[in-house]
Amino acid sequence: VVVVVVVGLGFSSRSSIMVDARFRVDFADGGKGASTSVADPPGFATLKELGDGEGGEPARTSAAAGKGAVAGPAKKRGHQLTPAMRVQKAYAFAGGQLQSILMMGFMMWMSGNGVQIFSIMITFGGIFNPAKAILTSGKTFERFGGADGAVEAAAAAWREKVLEFKKLYVTLQNDGSEDDLSYIKLINYGEKVLTNNMRAYLPQRIVQFLTATHPTKHTIYLCRHGESEYNTTGRLGGNSPITERGWVFAEILAKFAARHISNLRDVDGLDGAAGWEERAEGDPDGASIAARLWTSSMLRTIQTASLIPHPTLTPPNGAPWESMAPRIYRNIDEIFAGDCEGLTPEEVAATHPQASYLRKMDKIGYRYPRGESYFDLISRLEPCIQEMESYNEPLLIVSHQAILRCIFAYLTGVDREKAPGMETQIQQNVVYQIDLDASSEQHVTGDEKRLPAFVTVHDFRDEVERTMRERRGGGSREEDDKVAGVL
């Protein structure tokens, strides 16, 4: 009985590898002696892959087996062992040693303590086999790939996946037989684009969007303007300048953009003011980064971004680049409140009694009298979104609350119907860093109250208040505002 168990254990791992051989079928055409090659179904292994080693001969069916025998392949195949089978064989080899050790221990227990030749042999085997397994384990797994082997295995697995796709999908033909179809061919994510019969409005917009998207990493920074004079009184819209507190945030934003976004080196000038210069290649802190800056056409956003340095950089493989050169876009202006522009909430309630109620009922669809709705914002933001998606460089957008809500919702996968209700996001004196790449989609939460993992919040509210107290000699914000005459 012991001998039978040992044989069974000794060959169990081998049989687990060979068991799939019975599912291997080679097809041949029985008509007029002409044979036709049929592709293997997905997931089936060849006889060569299931044989011993990598250079063996595939099994053949003898002609003497009878008329019903299926003819095997006529010549050798050059298939190599798949990475999955290599790993399986490696673990089978190691598992066999462990099984031998366990069986030796079982046999020693069965033999008792009597001194006999059989017991001595079992004892010797119980010591020798574990030592041999330990000493040869490195060489065993070395055959199946180490660090370099892992790369080769990954490449082989990818090639196998491509071959499987080839069995299921066929590329569009270039011989004109499919020219009646409407299709888009994207090569290397927009490096080369081929379109055919894309004539309607929606297909053309799809082409425009797909040519702008890419999977490479790009970072977008969203920032609301500093505090404006209308913010202190709660008035809607307008084109008021920023307050002293807004200028404090503008100074902090300039330092953040220079250090964190553009990676510039700060240099003290003769008058004590900080200046900025480019970091060259080979700098311990890395080279400076060419970045972009967008603002709306409103005075408060232009003033907030006015202190950001924009030196001319010299990239290693390109023309000189003026980093953070401000670009003004009217498409990212604040929502236009129409007849309610410049009014406080109390004045809106007095002059337009139904406005507040209707806006609460449908905030995304409500349009101010002779003004705009959130749907209007989404419509005029579309060209900016497509241009933003095409960039590889970091982009800082200094804009307004309603605009930034829509952009933030788009980038983080939040439904547009939820964008107007994002009350806790897009605060003043806060910069939202959004790092996008091909893996960002798996981190999307779809919850407007829970930020995805690829969003980083840089909160400068405490720093702004601390700086204001230092400049005014201490005191709370209420006292500062009373001194300034804004309350």
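I took helices as DSSP runs of H or I with at least four residues and strands as runs of E with at least two, and on that basis I counted 15 helices and twelve strands in the protein chain. I note at the outset that this is a predicted model.

I then looked up the chain as a whole: buried residues make up 34% of the 487 residues, and the protein chain exposes about 29200 Å², of which carbon and sulfur atoms supply 57%. Among the contacts with a separation of 6 or more, 66% are between residues 24 or more positions apart.

Next I turned to the aromatic rings, where I found six aromatic pairs in the structure. One of them joins W294 and Y329, whose rings are tilted, at 4.6 Å centre to centre with 45° between the planes. Because W294 lies in strand β6 (residues 292-295) and Y329 in the loop between β9 (326-328) and α10 (345-351), this pair ties together parts that are 35 residues apart in sequence. I recorded both W294 and Y329 as buried.

With the cut-off for buried at under 20% relative accessible area, W294 counts as buried at 1%, and Y391 is buried at 7%.

On the face of Y391 I found R292, at 3.8 Å from the ring centre. Elsewhere in my list, Y221, F256 and F460 form one aromatic cluster.

Technical notes: Residues are numbered from 1 along each chain as its sequence is written. This is a predicted model: local features need pLDDT of at least 70, side-chain atom pairs count only at pLDDT 80 or more; totals for chains, interfaces and linings use all residues. Side-chain values use heavy atoms; hydrogens and water are left out. Buried means under 20% relative accessible area, exposed over 50%, partly exposed in between (1.4 Å probe, protein chains only). Contact means heavy atoms within 4.5 Å. Accessible areas come from the Shrake-Rupley method with a 1.4 Å probe; for residues, only the protein chains shown count as cover. Rings of Phe, Tyr and Trp (its six-membered ring) pair if their centres lie within 6.5 Å; planes under 30 degrees apart count as stacked, over 60 as edge-to-face and the rest as tilted. A charge sits over a ring if NZ of Lys or CZ of Arg is within 6 Å of the ring centre and within 35 degrees of the ring normal.
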